[in-house]
Structures are given as structure tokens and as C-alpha cells.
Amino acid sequence: MTLRNHRFLFFQVGLILVFLLQIIWHMPGTIALRNSLLGVFAVLTMGVCLTRRLDQVVSSRLPLWPMAMIFALTGWIVIVNSFWADYPALSWAEFRSQWLLPVLSFSFAWLFANCALRVDSDNHARLLKVVFWAYLLQVVLHDVMALGFYLETGGLPFRNAPVLDLPNTLRNIGDITAFSQAFSGQNPGFFSYVNAILSAILVAEIVQRLLTGKRQLPYSNGLLTGAVIAVLVCSYTLMMRNGNVGLLLLLFFAAIMVAYRKLGDVQPIKVVSIFAIFFLALGATGYAFIKSDTRWQGLADTVPYAWDTKVHKAWLYGEPYPVMPNGKMVEISAYERTAWLKEGLILVAERPFGSGYDRNAWGGRLVDKYQVEGKSRGGHSHNGILDFAVATGVPGMLLWLSFLASLAWIGFRAFKQGAVMEGLMLLFLVTGYFGRSMVDSVIRDHFLQVFMFLSGYFLALCQSATASVSRGQSIEISTGSQPR
């Protein structure tokens, strides 16, 4: 077998690993399996890259600014852990498992995609398709299982993620209760992240077709329409407030990008009319999401009680929660998140250079500060940026934000230069993750690993597409053509 055939076989295996990782990564209880697959992926990637001489693979497309930021941040974390971490042994253990693995995921995903694109330009479509199908199949399966639940019980399975419990369902396939056990109400937030990634891919592809009249994903408009419906059904049944807000913001941001490219070519009255219709539809969708989740009610009334953390201590002890003048208890989620935000900001102000890398640094610092008996050192603030700032300090937070900004800038620049789908996908991935990290603790665990892997993966695709456009190998943006 020739070297070229060996490389083709290796890339096919690599694509299979990418596909499996994007499914297994989100499933609880699969750490050993996902780490094993990631290890095989890393070894395979290095083997293929070395056959092409690694310096040639890296030199011309090395993303200097993102790489500089991530390595500077890694160096800063090492300094914090070495000199003033509260619990050095814990911080180094967290550093190895929670930080180095995502950084390696980012690096090897970029290397694999970049090497694949150098071997064969047709790999560009293959790299896009494998991620698209990995996420589409998960969302469609979620909706199908939800439909099965509806047919069996007559009600929708809100706030459930049965796909993530699929291994147990398949393991107990002969048990008549196995199907219903999959709807245990566990981990809907995990699956909301799956839905958000598919949403970003779909919106980026739709904008690509609107602006260029050409496809990056070689599928019909009918398939894309079905995928959009699947995403909306999934969003509605998951009832994840932050996920639904993220979806609406994604659509809003996409509309702004379309307006940015179209405003100079289309009569303003047409732009205004189109966007009026769009925002009416967006508002109707938002209203449906709000009506499906009663937690939105009483949100504004809850905030003053939450911000007064000295008088109301339920955020620390767990109970009793304040009761408002109307006799209703505060909305617990909003109360806790707001109070935790305030106390977290106080922790950052007290230790602006961090207290040691730890995904649960926020919870540990509060236990130490307030000497709460019976409380474990675990816990997070439901704000990833805040958790990260407590652990790594203001310098660490700024380096992380600089890393995100560098990726977003590369995506936006690619979009401006005509690599629409790839540029927007990277941009949506980064801005969506940043937005989610403001309301959820996702700079940790598999959330961070998946984000870093896909960031490196789409960064390579973005760079390749931009290079093709600059060589005149891509159709210019057209205002009149339509996708076939």
C-alpha cells in the first residue's frame, strides 16, 4: 500500500474518531472511553503529520495570536499554582485534567484538520460533513425519542435528554422500562449544548447560501429545513432558559451579519421590511420559549433580594429562601445566580491574582471564607468567567478573553473576505460559548474540551477557506443569485 493510500486510510479513521468523539463527549460516565479515543486521535494525527514533515504542516498557517494567548495563559496558570495557590496539590491535579487536556484537544484538532486539508482539498467538505452529521443525528434522535414518549404517555418530556442515557437504554434493550428510564430529567443542560452547536452550523450554512448562492454543506434546502425544525423542537422540549436565549441571540447576530453584507447592495426599504418580518418571527419564537418556562415569571422581583447577600443568606446555606410581599417565594435559580455573582465579584476583588487553578475555586473560597460547616469544597457559581477569574485572577481572565477575541476576529475576517460559512461557524462557536459561560459554568469538564476541539478544528477550516478565497478559488459574494 502506498504512502498516499496509508494517509487516506488514516484520515478516514480520523474522521470516524471525530464523529464518535462529538457524540460520546457529551454523555456522562464516558470519561475513560472519550480519553482513549482522544489519545488514539492524537497518536494518529502526529503520525500523519510527521509523514508530511510537521514543520511544513504548521509553518504557513500557524495561528500566532490564538496560540500565543493560550500558551501565555497556560504559563500564567503555572505561575499561580507554583507561588500562591491555596491548595497546590489540588491545583496541579486540576491543571493536568481540566486544562492540559482541552489545550491538547485544541492543538491536535487544528493539526488534524490542517493536515487533512493539505493532503486533499476534498477533505474540506468531509471535515464539515462529519461534524454536521454527528450533531444532527443526536438532535433528531432526541426528537424521535420525545415523540415516542408523547405517543406512550400523551405528554411531552420537558427538560429531558434521553439521548445522553442511550448507552443504558441499549444495554437494557430487553427491559420494557428501559425506554422510560431514559427520561429521568438528568442533564438537559448538557444536551442544550449539543443543540446549540448544531444551531450554529445550520445558521452559518443558511447565511452562506443567502449571501453567496453556493453551498458548503452539499445538502438540499429541504434537509436544512428539516434540521432547523428539529433544532426548534429540541429547544422547546429541553426548556433550558439560557440555551433558548442563546439560540435567539444567535439568530439576531446572524441577521446583523447578513445586514452588514447586504445593506450597501439592496434598497434600504427592502432591508427594513425583511428585518421587520424577521424580528416579528424572532419575537414570536421568544414568546413561545418564555411561555414554556415558568421560571421567567418573577425574575425582576427576585433580583433585589438576591443582591442583598448580607441579609438573605439562602444563597450560602440553601434555605430558607426569601418570600416576596406577594407571598410567593423568590425564583430560586435567579436568586442563587445573582447572589453568587455578587459574592464571586467580591472574591475576585479580594484576590485579583487568583487562588490556584481549580474548576471549583469559587465554592472552595466561599467555604473557607465563611467557615460553613457541613459544606463541601465543591461548587460553582453558574458563571464560567467568574469561576475562571476566581481561580486564575484578573490576568488569567483577560488572557482567556483575549484568546476568545483572537478566534472571533479570525472568524469575522474570514467572513468579510468571502469564507462565509467557515468564518461564521468559528465566530458563532466562540461568541455562543462566551455568552453561555456568562450564565453557566462551562469553562470546565467536557464543555471546555468540546469547545477547544471544535475551535481548533474550525480554525483550520477557516484558514483554509480564506486562503482559497484569496487565490480566487471561491465565488464572490453575490446579491442576486439563489441556492439551487
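Me: Which residues are linked with Glu94 in a network of salt bridges?
Reply: Glu94, Arg359, Arg444 and Asp445 form that network. A salt bridge here is a side-chain nitrogen of Lys or Arg within 4 Å of a carboxyl oxygen of Asp or Glu.

Me: What sort of model is this, and what gets counted?
Reply: The model is predicted: local features need pLDDT of at least 70, side-chain atom pairs count only at pLDDT 80 or more, and totals for chains, interfaces and linings use all residues. Residues are numbered from 1 along each chain as its sequence is written, and side-chain values use heavy atoms, with hydrogens and water left out.

Me: How many salt bridges does the rule give?
Reply: The count comes to nine.

Me: Back to Arg359 and Glu94. What is the N to O distance there?
Reply: Their side chains meet at 2.9 Å, N to O. The pair links distant parts of the chain, 265 residues apart. Arg359 is in the loop between α15 (332-350) and α16 (361-370). Glu94 is in helix α5 (residues 88-119). Helices are DSSP runs of H or I with at least four residues, numbered from the N terminus.

Me: Is Glu94 buried or exposed?
Reply: Buried, with a relative accessible area of 7%. Arg359 is partly exposed, at 25%. Buried means under 20% relative accessible area, exposed means over 50%, and partly exposed is in between (1.4 Å probe, protein chains only).

Me: Which residue does Arg337 meet in a salt bridge?
Reply: Asp440, at 3.2 Å from N to O. Arg337 lies in helix α15 and Asp440 in the loop between α18 and α19 (445-470), so the pair ties together parts 103 residues apart in sequence.

Me: How accessible is Arg337, and what about Asp440?
Reply: Arg337 has 23% relative accessibility and counts as partly exposed. Asp440 is buried, at 13%.

Me: And Arg365, what does that side chain meet?
Reply: The side chain of Glu350, in a salt bridge of 3.8 Å, N to O. Arg365 lies in helix α16 and Glu350 in helix α15, so this pair ties together parts 15 residues apart in sequence. Arg365 is buried at 8%. Glu350 is partly exposed at 42%.

Me: New topic. How many residues does α18 have, and what span does it reach?
Reply: Helix α18 (residues 420-437) has 18 residues and reaches 25 Å from its first C-alpha to its last. That is close to the 26 Å expected. The expected span is 1.5 Å times one less than the number of residues.

Me: How many of the α18 residues are buried?
Reply: 14 of its 18, so α18 is mostly covered.

Technical notes:
Helices (H or I, at least four residues) and strands (E, at least two) are DSSP runs, numbered from the N terminus.
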